[in-house]
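Hi everyone, thanks for making time.

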Amino acid sequence: MKRLVFSLAWAFALLLACSLVSGAVVEHTFNIGNLTVSRLCNEEVITTVNGSLPGPTIYVEEGDTLVVHANNNSPYNITLHWHGIFQILTAWADGPESVTQCPIRPGGKYTYRFNITGQEGTLWWHSHSSFLRATVYGALIIRPRRGNSHPFPSVYQEVPILLGEWWNGNVVDVENNAIETGIGPNLSDAYTINGLPGDTYNCSQNQTYQLQVKHGETYLLRIINAALNAQHFFKIANHTFTVVAIDASYTQPYNTDVIILAPGQTVDAIITTNQTLGSYYMAFTPYHSAPGVSINNNITRGVVIYENATSASPVMPDLPAQTDTPTAHKFYTNITGLAGGPHWVPVPLNVDQHMLITFGIGLDHCPELDPEGCGGRNFRLSASMNNESFVLPKGLSMMEAFFRNVSGVYTRDFPDNPPFVFNYTDPTLETNGTDIAFAPKSTKVKPLTFNSTVQVVLQNTAILARENHPIHLHSFNFHVLAQGFGNYDSNVDESKFNLDNPQIRNTISVPVGGWAVIRFQANNPEGSVFGENSLIELASWIRGSSWGNSSMEMARHGPRGGFRHS
């Protein structure tokens, strides 16, 4: 029976591989190195790809194979992650450092090669090593296969809009300082639109992104939140949006005058340039879900300029309050998937594996041998899931350890549930929760059965702070069945599940002091060309990776199954 299951998995993998042999080969060379740029009255040396910020936009068609030759001329270890790509049979190309690959050393080279099938829309790529993601990132645009079209009317022009985050300083030093002191990283100094901070910042009057438009046309804005730590509202003065896709998955058209994106998320939205000839600000402002936690609360803005406009003073949009949770929640929950549209996947109805994952910011003890390592305190901030705080392995990557059957790199006992039940969202935990805030360090995986359907309840906690947290699942999309506030209660909340046309995402923003239920099928045989393994990563952005990794990775092993926490 075991041999039969193995053979069936191989047959599926080979059939899938054969279906991928179509489309063009799109090839790029990424030269990663240092660049001196002037921002906010300062000159800074940053790490970029091909000397640009953001890096190159990659255009492919569904069915194409993308080949990227990465040459690391920077002084840092680095990897590249292709955020949202399924990586079917190509787990080695996913990019998380020490998970699916070892880092590319300074002076080293690595070629990423993978097929892009069953996906259309806006994704992006970025460094998956330290804080280098702040400057090493770019858009990845997947257009329909030749002869196919979008499920919405054609537009006059497509425009990538990338929100970024800027530090006056070396971002690697920012992270190292946070690790050394045990507190959160220094706040960023600015946000940027397509690499430019905008005219609200010092010395930035001539560093404002401008979008020239024609009256009476439609434009598809491919909006990407590439910031490290902050969710953002986005508006354009006097204009409305029709959202047609999120995270490269088509949606029912959704009309709104405000968009919100968490780090890692993308939104495709159409605007019609039907206003009086003039200039109109586009603006991002942070969503501050935890007012007691300091953030960079600056805005960034660009300008939409109509052709032949004579007005010199742009109109400013009326932005939401930065603490406007109802507006954020309305956008996040009102969008539905385009059932029956291109690449639509119905919700699997029979669930094989249930998990409840609590997550948030906790604490870790400082090393006894270095009492000054945390600035004189006896603790440091540390993110965790189900009371396990992930530690990256040394030496071999987890993928190679699995492939070579090397023990001691990770264990297969990540828990399905938190170690004990408590009132996860009790506000008093923000000040009185230190007795349950400490989580052990570990490198754990959770086994999953190949082709099983997995339902995960993502439960925010109030330990130290209640925040809206983004969670990203590597190499998979998932259905978002429901979201809500407080503690998840299956007796009440299952009735809220949308099993007909839920939104499909790769990155979910779990409500502040609340929960989200996602469901996916573990049917991506990544790496099965080697026999039977795949690796998935569920990563949580919890105000910067220097607060401690809180990602959960699922190592799925062909017919045997496997799933990993980080």
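Before I point at anything, here is a definition: two strands count as paired if DSSP finds at least two bridges between them.

The model is predicted, so local features need pLDDT of at least 70 and side-chain atom pairs count only at pLDDT 80 or more, while totals for chains, interfaces and linings use all residues. Residues are numbered from 1 along each chain as its sequence is written, and side-chain values use heavy atoms, with hydrogens and water left out.

Now the overview. The protein chain comes to 6 helices and 33 strands. Of its 566 residues, 62% count as buried. Buried here means under 20% relative accessible area, exposed means over 50%, and partly exposed is in between, with a 1.4 Å probe and protein chains only. For contacts, the cut-off is heavy atoms within 4.5 Å. Among contacts in the protein chain with a separation of 6 or more, 78% are between residues 24 or more positions apart.

In which sheet does it sit, and in what order do the strands come? The sheet is an open one of 4 strands, ordered 3-8-7-5, and the pairing is mixed. Strand 3 (58-61) and strand 5 (80-83) are at the edges with a single partner strand each, so one side of each has no neighbour in the sheet. On average, neighbouring strands here are turned by 20° against each other, direction ignored; that uses axes fitted as lines to C-alpha atoms, for helices over the stretch in contact, with angles running from 0 to 180 degrees between N-to-C directions.

Strand 7 (residues 121-127) pairs with strand 8 (residues 137-143) in the antiparallel sense, over 6 bridges. Zoom in on I142 in strand 8: G121 stands opposite I142, and I142 is also the bridge partner of V60. T122, meanwhile, has I141 of strand 8 as its bridge partner. Strand 8 is mostly covered, too, with 6 of its 7 residues buried.

Next, the nonpolar cores. I mean sets of buried Ala, Val, Leu, Ile, Met, Phe, Trp, Tyr and Cys residues joined through side-chain atoms within 4.5 Å. The largest has 54 residues, and L221 and I259 touch the most other members. Strand 9 (residues 157-166) gives the most to this core, namely 5 residues. Leaving aside neighbours within four places in sequence, the contacts of L221 include V159, I161, F234 and I271. Another core lies apart from that one, with 32 residues, among them F131, W167, V172 and A248.

On to charges. Side chains of opposite charge can pair when their charged atoms come close. Our rule for a salt bridge is a side-chain nitrogen of Lys or Arg within 4 Å of a carboxyl oxygen of Asp or Glu, and by that rule there are 14.

Take E158 and R222, whose closest N and O atoms are 3.1 Å apart. E158 lies in strand 9 and R222 in strand 12 (residues 218-225), so this pair ties together parts that are 64 residues apart in sequence. Buried or partly exposed, which is R222? R222 is buried, at 1% relative accessibility, whereas E158 is partly exposed at 23%.

Then there is R466 with E430, at 2.6 Å between the closest N and O atoms. R466 is in the loop between strand 25 (453-460) and strand 26 (469-473) and E430 is in helix 5 (residues 429-432), so the parts tied together are 36 residues apart in sequence.

D493 is buried at 5%, while K496 is partly exposed at 48%. Salt bridges that share partners also join R143, E158, R222 and D268 into one network.

Last stop: R39, in strand 1 (residues 25-39). R39 is buried but has no salt bridge, and the nearest side chain of opposite charge, E43, is 9.9 Å away. For that, Lys and Arg count as positive and Asp and Glu as negative, while His and the chain ends are not counted. Beyond four places in sequence, R39 is in contact with residues including L53, W166 and Q207.

Note on methods:
Helix = DSSP H or I, 4+ residues; strand = E, 2+ residues; numbered from the N terminus.
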